[in-house]
Amino acid sequence: MNRIIRVFHYEDNPSTQLDVDSYFISMNAELQRYGISFHYVPFGDTLPMEKDLRTSPPDILILDMYDSNNRQVGEHVLEKIKSLGLNIEVLVYTTGSLSSGLIDYDELHDRYAYIGPILKSVRASELKRQVRRIALSKFLTTELFSYDVDDIGLEANIQSLGKSSVRDLVFQIKQKLDYQDELSLESFQSGLSGAVNFRLKFRDRSFILKISKDKPSLKTEIHNASELYLRFPARFRTNIAPIYYENEEILGVLVEEVKSSETLFKWLQKNPDNDKIDFFLNELYFRNGLKDHFIANNAAPEKFYFIFEKFSFSGFNLVQTAISELKPILDAFPHDFDPVQLRNFIVGGSFRTLGKQDSSGVITKKPLVLSHGDFHARNILVQGNRPTLIDTGGIKYDYWCNDICRLIAYLFIVGLDHGCYEYHDISYLTQQYLTGKRIVDRMMIELDGRNDGTIQGINWLIVNVDTIYPNYFSLWEFNLGFMKELLQLSYKTNSIPAHKRALALFVAYYSLQRSEQDFSQLIRS
């Protein structure tokens, strides 16, 4: 059934009326396929419009309030709407350039709170976008995408971004790709950057859609992806260019998934063949791979403090919230854990006191290396034996240990038992804690028959980390980096079970203790 949206437009300039009429003609062509069409009625006089407001009110009202005369007319119309108790979407729109102080738009908004966006001296595209936003959020009869409403995490992510905003982005995508049928929106594991990731599927194509309310940060990521990604080995790069979509609330980046590939995360879960895992990780790091890349691409040296550059007071506040939430679990297990010492080390800056203890030159500045920035196992694709790096917006020069520590921490906390009953069973926490201690101590983990591929991947990484970074590696720095990554995983409430987040805290504290012990031994030797 077609939904006809009535639009009244008060405008005393006939030329502007004709322009706006043409906007609605083009919008009808865009939206009719979704069961929406516009009936545009322009007015140059308020008397006939007031009559129609009483007898057949519109769904949307556009008012020209450019000058003082138009403002008087517009306020009269707004008072009429208020007195009639009408529920109408109102846009204030002008094509003229507004002089400073001519109209107090803030005061106007305060008096008429139901007014929508006030469009001051904007292009036609902005008016079209606002009208389209209202149409899609208020009057859509056919949904633009389907999703599993029983997926609580997916529903929460959509609602956190604003369903109408997500719907608008999907509309833009369908217009760009000229696709009319419904598409499906699925959960896709988000990383640690703060953006939300979805998988979009339609026909035989699949895309990753990354959305953020923090548009400046995501735009910075986009810049990094386009500039610094080219410095990674060519055989690790995808040639699929991202496409960007935006509205007032959110920014989205759409990238088509690489065909005939799967993530390293999934590949390790179903591939227990140690020879294949060994071959792939050697391809990633040693055969003209990331080891040579790190040597060739570095920046000004920094001390180990740089590990915590973006993770101090604000980051630890999230950890503190997680500690409070998980206190019943933390108290129920006998594992050593001191949240005060963790807080003092990071927020209080006691990590800097290590430098005061160092009289033997253990602490040295090391060149930053060009890093992926969100190097977890779902951002590495497996195509045959070829690695491909995706989601590259976080690329930056970073401390040597941060990328590999994120990869190992993610495989440990999220990868082990993923998709199994044991992933949600708190009774396995102590066993998993012992596994975490072995990672910190760089001791091989025994295969368990459930996680053999993931365990072999972790084992390979902890055995080879010093060879990957021959000029940078020190165990105490590695453990500090591992601690930081575990702390960040501890507050991922949407994607990680509570006892797994508690596990991350326990092992983070053990990693801190071992780092301080290793450092003390070095300065005494």
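**Helix 16 and helix 19**

The axes are lines fitted to C-alpha atoms, for helices over the stretch in contact, and angles run from 0 to 180 degrees between N-to-C directions. On the helix 16 side I listed N402, C405, R406, I408, A409, Y410, F412 and I413, and on the helix 19 side F478, G481, F482, K484, E485, L486, Q488 and L489, where contact means heavy atoms within 4.5 Å. Sorted by class, this contact has 10 nonpolar, three polar and three charged residues; Ala, Val, Leu, Ile, Met, Phe, Trp, Tyr, Cys and Pro count as nonpolar, Asp, Glu, Lys and Arg as charged, and the others, Gly among them, as polar.

I kept in mind that this is a predicted model, in which local features need pLDDT of at least 70 and side-chain atom pairs count only at pLDDT 80 or more, while totals for chains, interfaces and linings use all residues. Residues are numbered from 1 along each chain as its sequence is written, and side-chain values use heavy atoms, with hydrogens and water left out.

I then followed an open sheet of six strands, in the order 6-7-8-9-11-10 and with mixed pairing; two strands pair if DSSP finds at least two bridges between them. Strand 6 (145–146) and strand 10 (243–246) are the edge strands, each pairing on one side only. Helix 7 (residues 163–177) packs on this sheet and touches strand 6, strand 7, strand 8, strand 9 (205–212), strand 10 and strand 11, with its direction at about 140 degrees to that of strand 10. Within the sheet, strand 7 (residues 183–187) and strand 8 (residues 196–202) run antiparallel and are joined by four bridges, and I found S187 opposite F198 in strand 8. Helix 8 (residues 215–227) lies across strand 9, strand 10 and strand 11, running at about 30 degrees to strand 11.

In strand 11 (residues 251–256) I stopped at E256, whose side chain makes a polar contact with the side chain of R205 at 3.1 Å; such a contact is a pair of N or O atoms within 3.5 Å, where within protein one must be able to donate a hydrogen and the other to accept it, and residues adjacent in sequence count only if both atoms are side-chain atoms. Leaving aside neighbours within four places in sequence, E256 is in contact with R205, S206, F207 and I240.

**Helix 6 against helix 7**

Helix 6 (residues 152–161) packs with helix 7 at an angle of about 90 degrees, their axes 5 Å apart, and the two are therefore roughly perpendicular to each other. I traced the contact to I158, Q159 and L161 of helix 6 and to K163, S165 and V166 of helix 7, which divide into three nonpolar, two polar and one charged.

Next I looked up an open sheet of three strands in the order 12-15-16, with antiparallel pairing. Strand 12 (262–263) and strand 16 (386–389) stand at its edges with a single partner strand each, so one side of each is left without a neighbour in the sheet. Strand 12 pairs with strand 15 (residues 380–383) over two bridges, and E262 stands opposite V382 in strand 15. Helix 10 packs on this sheet, touching strand 15 and strand 16, and its direction makes about 50 degrees with that of strand 16.

**Loop residues**

T238 sits in the loop between helix 8 and strand 10, and, not counting residues up to four places away in sequence, T238 touches Y229, V258, T388 and L389. I also noted D178, in the loop between helix 7 and strand 7, with phi near 55 degrees, a positive value in a residue other than glycine. For N288, in the loop between helix 10 (274–285) and helix 11 (290–296), phi is likewise positive and near 55 degrees.

Definitions and conventions: Parallel < 35°, antiparallel > 145°, perpendicular 65-115°, else oblique.
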